[in-house]
Every structure is written in structure tokens, then in C-alpha cells.
Amino acid sequence: MNNLTISTVTTEQAFDALRQSWTELYDQISCLSPFSSFDWNRNWWKYFGSASNKSLFILTIKLDEKLIGIAPFYKTVKNGVNILRFISTGNADYLDLIVLPGREQDCITALLTYLGTNSKLWDVLDLVDLPQTSPNYQILSVQNMPALKKVVLSGLICPYIRSEKTYTEFLAGKSSNFRYDLKRKMKKALALGNISFELIRHSSPKIDIATLASLYEKRWAAKDTNATIRTASGQKLLHEMLPIWEKQNILAIPVIFLNDKVMAFCVGFIRGERFYYYIPSFDPEFMNASPGKLLVEFIVKHLNIWPITELDFMKG
């Protein structure tokens, strides 16, 4: 503990200098989502961090000069209140501290001590979207924080399907009504034309962010959702991230095509044995065929083939 040092990163130049060490640390932590990667955080800041009320406040924790922890925060000012938040709050799920496994308690103790000592720099620590399964959440939820100001600790639990069975075994475990309803929906879809399913993991002329954004807006125009894909800045961010996710071999976009037209899709990732169901949508023109449900069934059907054992719906 005595050899731990904490530094604050407040400039984009210093942020860029973290790329290699951040990535090396992230790669050692299999439970982290893609939203904890350097590329996601840096590019989000590029498109969303320019507002005058935002400033970088990344805390790095080192042990004998080796990076073992990152608190990827930024500071925003609202009504005169200085709020520390995770970078990309509002545009991502499962935001977390990035800590070397086995060093969680040491890093969190050092982090809270630092924040307590430097309490004049902030008023609220807003830790929303920290997954309850995270070892960091489990430590923070029982941590004594008498020296700190207001801390918002919101553990995130999202629905998921976990199965190591074959699809046939999975269906056998469902009710006869479930199986009948699925067949009925597939029959309705097939009546519309040629239906095909595809998992896109590389750049493809069949899809692009503009097409997916248009389809998303068509589906959700009447609803006020905060999906990244609904804003110009968000679309630029996703356009920049797709080739990065492809290079990292985590990009996974399951698509249903109807006569070569996108009927339903989900911008997602495969990391470890988990599929992250990030931004889904479908063409409401075909709502009667339940394309969203058929897309989920397509993913479940391929759990063992891709191979993954968990479909994580995130916030949906």
C-alpha cells in the first residue's frame, strides 16, 4: 500500500499517453465490458467531451511505477455543483473502475482516501451503471466513506440468458406454448419473403451506421430514448468504433434480412463467453412478425456455435 501513487490526468495529451498501459491493464480483466477500453473512452471524449462544463478527471493508480488501477472519470458542473462521473455515462452500460485483479481493495482504499483528501475539487461522486457483479461494486457497497461527500453508487443488474446447452436442449426446456409461438412467428416472417440470418463481424456493404440509425429512428421516433445512435455525435462515435471493434475481434452485429433488406439488427460485441446486446432495433413495418424476438432466438440458437454461454441484454 505504501508504494501506491495516484495521479490525475486532466489533459488530452496525458490521456493519449495512457493508451498502451491502459490497454495492457484492460486486457488482463476479462469481466470488463468494451466500454472500459481505452479506445471507447478516448473516442467518446473526442465527440462528447468538448462542452465547456466538462473536464477530464482520470485518476491513475500505480504500484512501483506500474499501472494497476484507473478511475476513468470526468468532471461536469451543473448548477454550480462539481460532479465526477464515468466517461461515457449515458451512452454506455457497465461502466467500472479498471483494476488489476487481486488489487481491488488496495486501489479502492487509495482512491477513496485521495478523493477525501482532495474533496475541494468535487461535490458529488456519481457511480451509476457499475455492475453489481463487479468486484469493485462489491467492495464499494460495504466501504466506509465517512470522509467523502455525496456518493451515488447505483449497481446495475440487467437481464440475461445463460445456457451451455444445445439449442435443441434449450427449446426442450421451454413450454409447448413458447415453442408454438416461436414457430408461428417464424411462419409469419417467411410469408413476407426470403428470410436470412447473418452474424456480421467484419465491415460489410450490407450495413452501415447511417442505415442502422435510420432504422432505429423509424422504430423509436415516438419515444425519447438516449441511445448513442440517435445523435450526430453518437453516430460519428459508432462509425469510428466499428473498425476498431472489428480489429479487436469483438464486433458482432446479428442481422435478419428480408429480401436483402435489414429487418432487425443489434450492434453488439462478443468478449470472452458473453454476447453484449447493445443497440437493437427492427423495422416496425414488420412488427407483426416479431423480428426482435426472432433476432434474439437467432442469437440463442448460436450460443454454442459462436461460441458463447451468455446473452447479456444490458439495459435493452
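**Exercise 1. Is Arg103 buried, partly exposed or exposed, and what is its relative accessible area?**

Solution. The model is a predicted one, in which local features need pLDDT of at least 70 and side-chain atom pairs count only at pLDDT 80 or more, while totals for chains, interfaces and linings use all residues. Residues are numbered from 1 along each chain as its sequence is written, and side-chain values use heavy atoms, with hydrogens and water left out. The classes are buried for under 20% relative accessible area, exposed for over 50% and partly exposed in between, with a 1.4 Å probe and protein chains only. Arg103 has a relative accessible area of 29% and is therefore partly exposed. Its salt-bridge partner is Asp106, with the closest N and O atoms 3.0 Å apart; a salt bridge here is a side-chain nitrogen of Lys or Arg within 4 Å of a carboxyl oxygen of Asp or Glu. Asp106, with a relative accessible area of 22%, is partly exposed. By this rule the count comes to 18 salt bridges.

**Exercise 2. Determine which parts of the chain are tied together by the salt bridges of Glu310 and Lys218.**

Solution. Begin with Glu310, which forms a salt bridge with Arg162, the closest N and O atoms being 3.3 Å apart. Because Glu310 belongs to strand β15 (residues 310-312) and Arg162 to strand β10 (residues 160-162), this pair ties together parts that are 148 residues apart in sequence. Helices (H or I, at least four residues) and strands (E, at least two) are DSSP runs, numbered from the N terminus. Glu310 counts as buried at 10% relative accessibility, whereas Arg162 is partly exposed, with a relative accessible area of 47%. A network of salt bridges links Arg162, Arg274, Glu310 and Asp312.

Turn next to Lys218, whose salt bridge with Asp283 has its closest N and O atoms 3.0 Å apart. Lys218 sits in helix α8 (residues 209-220) and Asp283 in the loop between β14 (274-282) and α10, so the pair ties together parts that are 65 residues apart in sequence. Lys218 is partly exposed, at a relative accessible area of 42%, but Asp283 is buried, at 1%.

**Exercise 3. Describe how helix α7 packs against helix α10.**

Solution. Two packed helices are described by the angle between their axes and the distance between the axes. The axes of α7 (residues 176-190) and α10 (residues 291-301) come within 10 Å and cross at roughly 115 degrees. That makes α7 roughly perpendicular to α10, a class that covers angles of 65 to 115 degrees. On the side of α7, the contact (heavy atoms within 4.5 Å) is made by Phe178, Asp181, Leu182, Lys185, Met186 and Ala189, and on the side of α10 by Lys293, Leu294 and Glu297. Sorted by class, the contact of α7 with α10 has 5 nonpolar, no polar and 4 charged residues, where Ala, Val, Leu, Ile, Met, Phe, Trp, Tyr, Cys and Pro count as nonpolar, Asp, Glu, Lys and Arg as charged, and the others, Gly among them, as polar.

**Exercise 4. Work out the surroundings of Ile229 and Ile244.**

Solution. Ile229 lies in the loop between α8 and α9 (232-247) and counts as buried, at 0% relative accessibility. Not counting residues up to four places away in sequence, Ile229 touches Leu212, Ala213, Tyr216, Gln235, Leu238 and Ile279. Ile244 is placed in helix α9; leaving aside neighbours within four places in sequence, Ile244 is in contact with Asp39 and Asn43. Ile244 and Asp39 are 205 residues apart in sequence and 7.8 Å apart in space, C-alpha to C-alpha.

Note on methods:
Axes fitted to C-alpha atoms, helices over the stretch in contact; angles between N-to-C directions. Parallel < 35°, antiparallel > 145°, perpendicular 65-115°, else oblique.
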